[in-house]
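Have it open while you read.

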Amino acid sequence: MFLEILFLGRGGQGVVTAGRIVAEAALRAGLFSQSFPEFGPERSGAPVRSYVRISDEPISMRAPMESFDVAVVFEERLLDSAIVESVRSGGTVVLAAESARELPRGDVKLFVVGARRIIEELKKPRSLNLAMVGALCSVINVIPLKHVEDIVGRRFGEENREVVRRAAQLVVSVEQTA
Amino acid sequence: MYSLASYRLMTGNEAAAFAVKQADVDFISAYPITPQTIIVERLSEYVSSGELDAEFVPVESEHSAISACIGASLAGARVFTSTSSQGLALMHEVLYIASGMRCPIVMAVANRALSAPLNIHGDHSDIMGSRDAGWVLIFCENPQEVYDYTIQAFRLAEHPEALLPVAVNLDGFTVSHSSEPVSVLEDDVVRSYLPRRERPRLEFEEPASFGVFALPTHYFEFKVEQEKALRRAGEVLEEVAAAYPNSQGRLVKLSKFNDEGKIAVICLGGTAGTVRHVLKNYGMKDFSLVSLKLFSPFPSEELLDALNGVEGVVVMDRATSPGAPLPPLASNVAASLYEAGVRLPLLSVVYGLGGREPTLKMIVEMLDKAREKVGKGRTGVSRMYLGYGGGEK
C-alpha cells in the first residue's frame, strides 16, 4: 500500500496541520508516513498545499509530489482543472462542498462533505481542516478514525472529536456520469 | 527491527532540537534564519519551560552567535548553535577560529542556497563554501539520521583525540521541514552516552591562553596539527558510533545500497533517499548507491572499498564550484580515485540548486545518461546539470 495525498486550502485554514495529523495517525496505525508543506513563503488567504505519503514500507523518497492518489480540497473554487488533472487515474477527490458536482473526468472518484456546515453547527469555525481530515480518513479507510480523534482531542480540545466524527459520517460519494 | 510504536513524528528541525535537549547542552547562542529557525525556536521553548537547563543567548547576528559559542566552549560548556545560508556565510571567518581553538561545538546547518539571487530553498552551497574551515562535516538523509547523528556529533566533537567542531547538515526544507517517524532514546540513555569529559579550558587555577598570536615560527605547526586532529576524528568515529545505544542509528562514513551495481551513484544528504527509491522500485539493478554521511574528513579509503568492482561513477553535487575543474564532491571523489591509481569514467552531476528538487523522472533521466557516459568501456569525465532549463512552473 502506498498513497500520495494532497491537501489544498488557504493560508490560515490549517492545511499543513491537517497533513501532519494524518501522518501521525498513520504512524499510530503502524504505517510509515511522511508529511511536508509546500516549501516557501505562505500567505494568509492564498492557496496553500501540504502533502502526505503513507506506506506499509519505509519511505525513503523525498521527491516533490506531482500527482496524487487523493486530493483533499478545502473549497470548491480551489478545485480547478489543473488539480483535477493531477489526480491519478482511479484516484479520489475529497471536496468541501454542500452539494454534488460533476468532475470533467470519469476515472476519478468524487466525495463531498458539507464541512463548513459541520463546523458552523458545532461552533468550531476554525476546525475546517479537522473536518477534512475526518472525511479523508473515512474515504481512504486505512487509518482507524480513533487515532485521528485521539490526536485531535489531545491537541485541539475534546470537543473537536465530534468535528472529525461527523465529517467522517457525512462524507458521501458522488456518482460521476462522465 | 523495533516496533513503530516507539517512533514519534518529527521534522528534521524538531529532531535536531530534541537531540540537543537530550544531549543536555549548557549553552545555546543563535540567530534565526530560514530554514533552521524551528531548531532554535524549539530550543528556546525547552529552555524557557525549564525542560533544558541551559543558557540561551539571543544575539544580533550569526557572527556574534558563533563567537559567543566559542567563549562558552572555552569555558568548558557543552555548546550548540544552528544556522543556514547567509548566516553560515556571515560566520565564515569565525568558523576557522572555532576549529583553530579546538572548540567541540556542534552546529546544525539546514542547508540553503546563497544569494544572489535571493533564495530560501535547499542546496549545499552554504556548507561547501566553508568546507575548508576545519570542521567535521556530517550529512543526514532524513529526520531519523538528524536525531541520531546530532547526539553522536557531541561525543565525536568532545573526543580527546578530536576536540573539533562538528557541523550536522540537513537539507533545507526536504529534510528540515519533512515530518517523519523518528525513533528516540530515553533521556537517561542519551545522558549516559554523553558523559562530561575533562578537556583544556579557561580556569582561574590553571591559566591558559587560547587563540594566541602565532608568528611564522609556529603558525604552520598549529595548522598541520589541526589537520591531523581532523584525520583522527575520522579514526575515532567508529568507536564513537559503536557505543551508540541504538545500533540501527550508528553514524557510518557511508552506506551502500546494492553491491551488484556496475555504476555507482555517489551523493550527500536527502537525495540519496530518492535515488534509493528509484533503484529499488524501477528495477535498476545495474546501479549502486553510495550515500556519504561524512564529507570531512573525507572517507577516501571506505569509498574506494565501496567502489570495488564498479565500472563507472556518477557524482551528484548540490553545489557548484565556479571556475574549478569539478564541483566539491566530484573533486574529492576524483582525487581519491587518482591517489589509488584507479581511473574510472566519471559523470559529474550538478543538481537541485536553489531548491529545484530532483523528481523521480529526473533521477531516471540521470541514470539513462550515466549508462551512456560511464557504462562499460567508457572513459573520462563528463558533466550534466540535472533539471537545468526545465524549472518554469
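1. Some housekeeping first. This is a predicted model, in which local features need pLDDT of at least 70 and side-chain atom pairs count only at pLDDT 80 or more, while totals for chains, interfaces and linings use all residues. Residues are numbered from 1 along each chain as its sequence is written, with chains lettered from A and ligands numbered from 1 in the order in which they are written.

2. Chain A has six helices and seven strands, where helices (H or I, at least four residues) and strands (E, at least two) are DSSP runs numbered from the N terminus. Along the sequence they come as β-α-β-β-β-α-β-β-α-α-α-α-β. The radius of gyration of chain A is 15 Å, close to the 16 Å from the globule rule for 178 residues, so chain A is as compact as a globular protein of that length. (That radius is taken over C-alpha atoms, and the rule is 2.2 Å times the number of residues to the power 0.38.) Its C-alpha atoms fill a box of roughly 40 × 40 × 35 Å along the principal axes.

3. How much of chain A is buried? Of its 178 residues, 49% are. Buried here is 20 or more other C-beta atoms within 10 Å of a residue's own, exposed is 12 or fewer, and partly exposed is in between, with C-beta atoms placed from the backbone. Of the contacts in chain A with a separation of 6 or more, 60% join residues 24 or more positions apart; a contact needs C-beta atoms, placed from the backbone, within 7 Å.

4. Chain B has 12 helices and 15 strands. Its radius of gyration is 21 Å, which agrees with the value near 21 Å for a compact globule of 393 residues. The C-alpha box is roughly 65 × 55 × 40 Å along the principal axes.

5. Chain B is split into domain 1 (4–249) and domain 2 (254–386), with bounds from an automatic or database domain assignment. Their C-alpha centres lie 27 Å apart. Across the boundary, 26 residues of domain 1 are in contact with 21 residues of domain 2. On the domain 1 side, H5, strand E6 (136–139), strand E7 (166–171) and H8 of chain B each give two or more residues.

6. What do the two chains share? In all, 22 residues of chain B are in contact with 19 residues of chain A. Strand E1 (7–10), strand E8 (180–183) and helix H9 (271–281) of chain B each supply at least two residues to that side of chain B, and the largest share, four residues, comes from H9(B).

Definitions and conventions: Contact = placed C-beta atoms within 7 Å.
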